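Subject: Structure for you to look at

Dear colleague,

Here is the structure I promised to hand over, and below it you will find my notes on what was found in it. Please read them with the model open beside you.

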Amino acid sequence: IVANAQEKTPLAGHWKANLEKSQRHENHQFKSASLVFEMADNEVSITFSGINMAGKQEGGTRKVHPDGKEYPIQEVSGFVEIAKWITPNKLEIVAQKDGVVSGRSTYEVSSDKKALTATLNGIDGKGRPFEQIIIFDRE
């Protein structure tokens with residue numbers, strides 16, 4: 001997909017988790033979550049914030065390059081991530097170590113551009129696999 005299509009992606013904007021519609025993993029029962037996607041050149045900035053299971057505020061920003069190339073994950077030694085546009089409405093990010101997939105996230109905007117489905121699976125901080133589907137409403 002050309003850069004022009006990336007700039008026009010409906011993913012850009014502010015999104016708030018709809019907990020009633022989401023399928024959260026039992027070990028990931030956060031109380032609230034929001035995402036902000038911003039597009040710049042060939043980079044996607046993803047800012048997240050929310051309240052975790054323990055009632056504590058969490059947040060941060062990460063930048064991905066959706067060009068299908070490997071980039072080191074700064075926070076986790078030995079891991080790389082590969083981001084790419086599946087369609088203008090769907091971004092996929094895959095984390096790998098030594099060629100083995102350890103996590104996958106997809107962010108897909110509905111055809112009416114009002115909902116975002118985030119499908120997340122991987123290994124949590126305690127080494128347990130998880131999968132969850134979080135539905136976000138556009139703010």
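Asp98 counts as exposed, because its relative accessibility is 73% (exposed means over 50% relative accessible area, buried under 20%, and partly exposed in between, with a 1.4 Å probe and protein chains only). Its place is in the loop between strand S7 (90-97) and S8, where helices (H or I, at least four residues) and strands (E, at least two) are DSSP runs numbered from the N terminus. Phi of Asp98 is near 55°, a positive value in a residue other than glycine. Most residues other than glycine have a negative phi. Asp41, in the loop between S2 and strand S3 (43-51), also has a positive phi, near 50°, and Asp41 counts as exposed at 70% relative accessibility.

Before going further, please keep in mind that this is a predicted model, in which local features need pLDDT of at least 70 and side-chain atom pairs count only at pLDDT 80 or more, while totals for chains, interfaces and linings use all residues. Residues are numbered from 1 along each chain as its sequence is written, and side-chain values use heavy atoms, with hydrogens and water left out.

Next comes the sheet. Ten strands form an open sheet with antiparallel pairing, in the order S4-S3-S2-S1-S10-S9-S8-S7-S6-S5 (two strands pair if DSSP finds at least two bridges between them). Strand S4 (57-64) and strand S5 (67-72) stand at the edges with a single partner strand each, so one side of each is left without a neighbour in the sheet. S5 is joined to strand S6 (residues 79-87) by four bridges, the two running antiparallel, and Asp67 stands opposite Lys84 in S6. Strand S10 is joined to strand S1 (residues 13-17) by three bridges, with Ala17 opposite Phe136, whereas strand S9 (residues 115-123) and S10 pair over nine bridges, Thr119 having Ile133 as its bridge partner in S10. The hairpin of S9 and S10 has five residues between the strands, and in this hairpin Gly127 takes a positive phi near 80°.

Within S10 (residues 129-138) lies Gln132, which is buried, with a relative accessible area of 6%. A polar atom of the Gln132 side chain lies 3.2 Å from the backbone nitrogen of His25 (a polar contact is a pair of N or O atoms within 3.5 Å; within protein, one must be able to donate a hydrogen and the other to accept it, and residues adjacent in sequence count only if both atoms are side-chain atoms). Leaving aside neighbours within four places in sequence, the residues in contact with Gln132 (heavy atoms within 4.5 Å) include Arg24, His25 and Phe30.

Which residues form the aromatic pair? The structure holds one such pair, and Phe37 and Tyr107 form it in an edge-to-face arrangement, 5.3 Å centre to centre and 65° between the planes (rings of Phe, Tyr and Trp, the last by its six-membered ring, pair if their centres lie within 6.5 Å; planes under 30 degrees apart count as stacked, over 60 as edge-to-face and the rest as tilted). Phe37 in strand S2 (residues 32-40) and Tyr107 in strand S8 (residues 100-109) are 70 residues apart, and both are buried.
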